[in-house]
Structure formats: structure tokens, C-alpha cells
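This report asks the reader to examine a protein chain alongside its sequence.

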Amino acid sequence: MIVVDYGGSVFPIIAHSPWNGLHLADFVMPFFLFVVGISIALKAPNRPEATWKAVGRAAKLFLLGILLQGGFLHGLNSLTYGVDLERIRLLGILQRISIGYIVGALCEIWLSRRTRREVGILKSYYLHWFAAFAIIAVYLGLLYGLYVPDWQFFVPGEGYSDLPVKCSVRGDVGPACNSAGMIDRFVLGINHLYAKPVYKNLKECNISSDKVVPESAPSWCHAPFDPEGLLSSLTAAVTCLIGLQYGHVLAHLQDHKGRLENWCGFSVAFLVLGLFLALLGFPINKPLYSISYMLITSATAGITFCALYLLVDIYGYRWLTLPLEWMGKHALSIFIIVSSNLAVIVIQGFYWKSPENN
């Protein structure tokens, strides 16, 4: 994420896809949610204690996300006094991870299951799969079933009056009239959404090199939209549940062959199903966290996990991944330091002989 954040402006192919499609940056969030799911399966304390710990951890992560992405920590170009509570962003990267984590943790703690020795992995945790299918059904029902009326919004400081967006549709999956944005505007309020959505890079918006959307662009190009919104967090949580099943395989099977066979079976099935849904017209879309996107990225995470397991645990090439291991142990600290620009500010505080040699 650090690479794509700072290198995306130079190499657009690694930055987030403006709407439909997959770029390198679009794999980061699913990979992290997948790993979070795996880690949940590796712990099994008593239920009430585990629940309180999970809720507390999720709450801390959620509040830390608001602290970082809500504006409490200043960026390089946003040195202001105080935070405008009327426009603070409520959702974000850490908030999404906290939602996925708590869904996966509660499923692991409270949904009854049999041991691996009695039945297969799929049947051992059938309630987890039922929960995943139920979440997907709710997501599809809201995304394709809700009617999205015409709406309008106000862009402060740009000399616009209320900008209208004409919709009056049901089941639209474009940036202007999808039900995910409508839900966020209604529940969270449009002022609490992400003000610089990546869809502003679409050709229709004709964004300039200095990231300014011209007045001639469609009105929705100026509108906020949260890529970590409420509706898309449902399918994001399913990625955690998928990772949880990989973790169950790791916890219950002791032989390398059995683990790899199960993981590869899951990965191939998810990949084929995701590609099939994409061919049927379900777009691969990260801002909406579409079903096809969830399945394809989860499958990719599973394949990557198998490759690393083969490299490190079976063939013993651990030294090749030591930098990744160090980053994994300190992922949250690294994210905080970089996302709040603390590292960049420190680096810019030193130069040799003259400030130009920063």
C-alpha cells in the first residue's frame, strides 16, 4: 500500500482502478482481510472472554481509523487548527478491517462446529459458510434491489450551488447511481464520506494534472463517495470468513499435502466462480467490493498464500521473506507512520548543506 500510494501517480497501472477492473492496489485490502481471517482461526480461548477481547480490539482499530483518516493527524498539505466535526470521515481502511475482523471473530467464537475428525472441513464449519451466503444475499439484495432516486449535493468553496444527479434507477452499478453510495449518504451523511474518490480519474470526469475536476464534467464527478462504505463492508467481511476457512485447514490438518490440496481447491473454485460471474456481467469492482471482485481477489490471496507456504514452510527458504515477516509484525505501526505522513515529515526535516538537497 505504501508503494502504490506514493508510486501510483508515476505508474498509474499500480494505483487503484478508477471504477471497474483490477490494478495492483486493488489487491491490498482483500489480502489483508484474508490474512486477518486466517489469524482468527489460530486462537481458541473461552467464548465470553474471547468476545470481549474481539469487541475491544475491533473498537480500538475502528477509533484509530477515525483518528488517522478523519483528519486528527495532519497531512503535509493540511496544516489546520482543529478538526471540522461536520466533515470528519467516519469510515476508512482500518475501520473496514475492524468490521471484517469482528464478523470473522464472532463467527469463530459463537457458531457451533464439529471437529475435523468427524466430518470434512466444509461440513465442520457449515454455519460459517451459511453466514457468508447470508451476508452475500443481503448485499446483492441491497445493491440490485434498492431504488436510487435523483439526488443533489453541495460542493463547498467551489462556487457551485446544489449540484443535481439524475438517477431514478434500480440496480445501477456505476459511480453516480449505485445504492451503496445512497446508503452511505443516508446513514452517514454526504459530508462524512471520502471527498476524493478514485472515480474522479475516469475519462468522463476529465480530471486535470493537478487533480481538479472541471465545471463541465458530470455533476457526480464532484461528489464524495466512500470506497470503504457500509454496503461494501459486507462483502469485505466475507473475505475474512474465506480466510478463516484457510485458517481452519491450517489448524486441523498436520500434513503439508493435505493443507495444500484444500487451499488449492478453495482457490481454484473461487477463481473460476469469480471469473464466471464477471462474464455474466457482475463487474469486478473494488469501490463496491462486488462479488466477482471478492472471489477473484480471495482466490489470488489463497494462491499467494500457497506459494509462500511452499517456499517457506516446505522448502525452508525463510530468509527470502524475512523483510515481509518484519513488516507483518509491525504492519499497524508502519501504516500509522506512513498514512499520517510522519515518516515523510521526518525525512523532509534533513538536508545536506542546502534545503534543495533534502
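The model is predicted. Residues 230-251 are 100% helix and 0% strand, and the end C-alpha atoms of this span lie 32 Å apart.

**Annotated spans and helices**

An unreviewed UniProt entry gives the annotation "transmembrane region" to several stretches, and residues 230-251 are one of them. The record also lists residues 22-42, 54-73, 93-113, 125-147, 263-284, 290-312 and 332-352 under this annotation. Of these, residues 125-147 are 87% helix and 4% strand in the model, with 36 Å between the end C-alpha atoms.

Because 13 of its 18 residues are buried, α4 is largely enclosed by the rest of the structure.

Helix α6, which comprises residues 126-145, contains His128. With a relative accessible area of 1%, His128 is buried. Which residues surround this side chain? Beyond its neighbours within four places in sequence, His128 is in contact with Cys107, Glu108, Leu111, Leu241, Leu244, Gln245 and His248.

**Salt bridges**

Side chains of opposite charge can pair when their charged atoms come close. How many salt bridges does a search of the whole structure find? The search finds six, and the table presents three of them.

| Pair | Closest N to O distance |
|---|---|
| Lys286 and Glu228 | 3.0 Å |

Lys286 and Glu228 are both buried. Arg89, Asp226, Glu228 and Lys286 are linked in a network of salt bridges.

The pair Lys329 and Glu325 has another setting. These residues are four places apart in helix α11, and about one helical turn separates them. An α-helix has 3.6 residues a turn, so residues three or four places apart point the same way. The relative accessibility of Lys329 is 63%, so this residue counts as exposed. Glu325, at 25%, counts as partly exposed.

**The loop between α10 and α11**

Arg318 is located in the loop between α10 and α11. With a relative accessible area of 47%, Arg318 is partly exposed. Arg318 and Leu308 are ten residues apart in sequence, and their C-alpha atoms are 9.4 Å apart in space.

Tyr317 is found in the loop between α10 (291-314) and α11 (322-329). Its relative accessibility of 40% means that Tyr317 counts as partly exposed. Tyr317 also belongs to a nonpolar patch on the surface, together with Leu310, Ile314, Tyr315, Trp319, Leu320 and Leu322. The accessible area of this patch is about 720 Å² in total.

**Backbone angles**

Most residues other than glycine have a negative phi. Which residues have a positive phi without being glycine? Ser168 has a phi near 50 degrees, and Tyr289 has a phi of about 45 degrees.

Ser168 lies in the loop between β3 (163-165) and β4 (169-170), and at 39% relative accessibility it counts as partly exposed. Tyr289 lies in the loop between α9 and α10. At 0% relative accessibility, Tyr289 counts as buried.

Notes
Residues are numbered from 1 along each chain as its sequence is written. This is a predicted model: local features need pLDDT of at least 70, side-chain atom pairs count only at pLDDT 80 or more; totals for chains, interfaces and linings use all residues. Side-chain values use heavy atoms; hydrogens and water are left out. UniProt positions are given in the numbering used here, feature names are shortened, and annotations may be inferred rather than shown by experiment. Helices (H or I, at least four residues) and strands (E, at least two) are DSSP runs, numbered from the N terminus. Patches are made of residues with over 30% relative accessible area and no salt bridge: like charges are joined within 9 Å, nonpolar side chains (Val, Leu, Ile, Met, Phe, Trp, Tyr) within 5 Å. Accessible areas come from the Shrake-Rupley method with a 1.4 Å probe; for residues, only the protein chains shown count as cover. A salt bridge is a side-chain nitrogen of Lys or Arg within 4 Å of a carboxyl oxygen of Asp or Glu. Buried means under 20% relative accessible area, exposed over 50%, partly exposed in between (1.4 Å probe, protein chains only). Contact means heavy atoms within 4.5 Å.
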